[in-house]
Amino acid sequence: MALEISDELLGIFMPVLVYWIYSGLYVILESFEKYKLHSKKEEEEKNLVSRMTVIKGVLLQQTIQSIVIFLLFKMIGGNDARVDSAGQSSSFIVIVRQFVVAMLVLDTYQYFTHRYMHHNKFLYRHFHSYHHRLVVPYAFGALYSHQVDGFLFDTMGGALSSFFSGMSTRTSTFFFCFSTIKAIDDHCGILIPGNPFHIFFWNNTAFHDVHHQLHGTKYNFSQPFFVM
């Protein structure tokens, strides 16, 4: 008897699995020093938290995200809620349109939220500054943040993107995984030749690395896809 896994469960666990698998690949690639934006010595000297602390923080953040995704899927009604009378939810054109809308919603929401987090001294000091403890970012530090910051910025951004684009549970899962991969790539600190994200997006590893440097915290607020 075949094991069946619901789209809801896949939507909850797949982004987590993708996060650790994809970031793990970049950890392996860290041995190629010539492609790294920063040296291991810079990471040890500039970063204010250990890698183990980052892992614990990300796991906590992913737990919160999983709960919100579960509630989101309950709200949109599972696989059949977004299927119209013509069955267009499975149409490639419809899915592409939903992806574009979701990307625009996510970028717009995160740009203004991110910018405000930096301009409001209270919010930056107590919440967003946690993420900037990684002056030299690396792949699995992409989701490292204070829980409040992570909820307002990443979790709510993803939920709003899925909701306003009209995605089904399954399409949302693909979008969450794609966004996760892009976020990891933006924080990996490695410029691998031929990386498609660097070819198709100006908002890439080098662009976001500037924002993490002490001289760049007032610049490059855009993420994860476009430059605003």
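Me: Is Asn220 buried, partly exposed or exposed?
Reply: This is a predicted model. The relative accessible area of Asn220 is 22%. Buried would need a value under 20% and exposed a value over 50%, so Asn220 counts as partly exposed.

Me: Where is Asn220 found, and what is its phi?
Reply: Asn220 is in the segment after H9. Most residues other than glycine have a negative phi. Asn220 is a residue other than glycine with a positive value, near 55 degrees.

Me: How many aromatic pairs does the model have, and why is the pair of Phe175 and Phe225 tilted?
Reply: The count comes to 18 aromatic pairs. For Phe175 and Phe225 the ring centres are 6.4 Å apart, and the planes meet at 40 degrees. Stacked needs planes under 30 degrees apart and edge-to-face needs over 60, so this pair is tilted.

Me: How many residues apart are Phe175 and Phe225, and are they buried or exposed?
Reply: Phe175 belongs to helix H7 (residues 169–187) and Phe225 to the segment after helix H9 (205–212), so the pair links distant parts of the chain, 50 residues apart. Phe175 has a relative accessibility of 1%, and Phe225 has a relative accessible area of 1%. The cut-off for buried is under 20%, so Phe175 is buried and Phe225 is buried.

Me: What is the centre-to-centre distance between Phe201 and Phe225, and is Phe201 buried or exposed?
Reply: Phe201 and Phe225 form a tilted pair with 45 degrees between the planes and 5.9 Å centre to centre. Phe201 lies in the loop between helix H8 (196–200) and H9, 24 residues from Phe225 in the segment after H9. With a relative accessible area of 12%, Phe201 is buried.

Me: Which charged end sits over the ring of Phe201?
Reply: Phe201 is one of the members of a cluster linked by ring pairs, along with Phe99, Phe175, Phe176, Phe178, Phe197, Phe225 and Phe226. A charged end sits over the Phe201 ring, 5.2 Å from its centre, and belongs to Lys182.

Me: Which ring has the charged end of Arg51 over it?
Reply: The charged end of Arg51 is 4.2 Å from the centre of the ring in question. That ring belongs to Tyr138.

Me: Which element gives the largest share of the lining of the largest cavity?
Reply: The structure holds 2 cavities of 30 Å³ or more, and the largest has about 520 Å³ of space. Its lining has 35 residues, of which Gln65, Leu143, Asp154, Thr155 and Thr180 lie nearest the centre. Two or more residues each come from helix H1 (7–29), helix H3 (51–76), helix H4 (92–119), helix H6 (147–165) and H7. The largest share, 7 residues, is from H6.

Me: What is the mean pLDDT of the chain, and where is the pLDDT below 50?
Reply: The chain has a mean pLDDT of 89, with 92% of its residues at 70 or more. A stretch with 18 contacts beyond near neighbours in sequence has pLDDT below 50: residues 78–89.

How values were computed
Residues are numbered from 1 along each chain as its sequence is written. This is a predicted model: local features need pLDDT of at least 70, side-chain atom pairs count only at pLDDT 80 or more; totals for chains, interfaces and linings use all residues. Side-chain values use heavy atoms; hydrogens and water are left out. Rings of Phe, Tyr and Trp (its six-membered ring) pair if their centres lie within 6.5 Å; planes under 30 degrees apart count as stacked, over 60 as edge-to-face and the rest as tilted. Helices (H or I, at least four residues) and strands (E, at least two) are DSSP runs, numbered from the N terminus. Buried means under 20% relative accessible area, exposed over 50%, partly exposed in between (1.4 Å probe, protein chains only). A charge sits over a ring if NZ of Lys or CZ of Arg is within 6 Å of the ring centre and within 35 degrees of the ring normal. pLDDT is the predictor's confidence in each residue, from 0 to 100. Contact means heavy atoms within 4.5 Å. On a 1 Å grid over the protein atoms alone, a cavity is a set of points where a 1.4 Å probe fits but cannot get out, and a pocket is an open set with protein on both sides within 12 Å along at least five of seven lines; lining residues have an atom within 4 Å of a point. Grid points are joined across faces, edges and corners, and a volume is the space filled by probe spheres set on the points.
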